[in-house]
Structures are given as structure tokens and as C-alpha cells.
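I opened this notebook to record what was looked up in one structure. The entries follow in the order in which I took them.

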Amino acid sequence: MIEVIETKPQDIHKNLKLENDPENRQFIFPYSHERHLQVIENRHEFHFSIFDRSGVLVGFIVLALTEREDESLEFRRIVIGDKGKGYGRAAVRWVKAFCFKQNNYHRLWLDVFSENHRAFQLYKSEGFEQEGIIRECIKTEDGWKSLILMSIIKGK
């Protein structure tokens, strides 16, 4: 259903367009072009582009290693442009395989805005468990937002 490859610097402008779509922007803080480039160049972060079967960019993923050597990977960002077609679920499954099968990490974790019910349900259905809530930790134009912490452990 999807192909996931390392993002090329020349494709950053497409990621910026996806991030700034109003449907996505409400649940993330868009990166600048420079920040996307930093992720691509940083050996502790991963930037992947998601393509559909016909080769059209439908989203991207950002992952990050923790600063300690604890075999933990942060699922920092997923942005999908064409929702409702299964690209998000396929991408989450790809991330789990990348984390646990390809790289043998112990833990994959993320945070999600509490009002992002669609993403929360997707993560939950894919085996992520809620660990807690960081209440009203991010101030936005619309007021304070809370984050739900979630994780999945290898083999569980």
C-alpha cells in the first residue's frame, strides 16, 4: 500500500505543504525548512517520506533516538495528507517494524494532543498504551492543550 524511503532535501517543500494544511496544522507545530533539513542530517533523527503505490507523496514520518542508550525510539511526527485511505495505519505499522524488527529497540513512544481522537484511536488499535497525560502543557492560539503519552514495548 505504501513505500517509505528516507526523505531527500529537495522534497522538504512537499512536507512543508502537508504540515501547513489546516487539517494537519491543528495537531502539530510545523517545522521550518531548516528544521526539516536538520532532521535529515542528524544521525540521531530519522526523516522518512511516505508514497502511495503510484509514487505520489502522501505523508512523512520523523523519528528520534533518545539521548540515553536505553533502546528507546521516539515516534516524533507523522503527517498524512490524504486521510481515510489507510496510509496512516500502514505507516504506523511500518514504524513498528522499523523500531522492533529492523533495529531491535525495546520501546517506541509518542505524544499526541488529547483532542486528536483519530490519531489516539489509531495508536491504541495498533497496540500503544496510554502512560499518562501532561495537562495543559502547550499554549496555542486556541488556548492550552494537553498531551497524551503513549508507548508500545517490543513483544507486547
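Entry 1. I looked up the side chain of D52 and found a polar contact of 2.9 Å with the side chain of S54. A polar contact is a pair of N or O atoms within 3.5 Å; within protein, one must be able to donate a hydrogen and the other to accept it, and residues adjacent in sequence count only if both atoms are side-chain atoms. The D52 side chain also reaches the backbone nitrogen of V56, at 2.9 Å.

Entry 2. I recorded the basis of the values. The model is predicted: local features need pLDDT of at least 70, side-chain atom pairs count only at pLDDT 80 or more, and totals for chains, interfaces and linings use all residues. Residues are numbered from 1 along each chain as its sequence is written, and side-chain values use heavy atoms, with hydrogens and water left out.

Entry 3. I placed D52 in strand β2 (strands are DSSP runs of E, at least two residues; helices are runs of H or I, at least four; both are numbered from the N terminus). Leaving aside neighbours within four places in sequence, D52 is in contact (heavy atoms within 4.5 Å) with M1, V58 and Y87.

Entry 4. I asked which side chain of opposite charge is nearest to D52. Buried means under 20% relative accessible area (1.4 Å probe, protein chains only), and a salt bridge needs a side-chain nitrogen of Lys or Arg within 4 Å of a carboxyl oxygen of Asp or Glu.

Conventions. Buried means under 20% relative accessible area, exposed over 50%, partly exposed in between (1.4 Å probe, protein chains only). Lys and Arg count as positive and Asp and Glu as negative; His and the chain ends are not counted.
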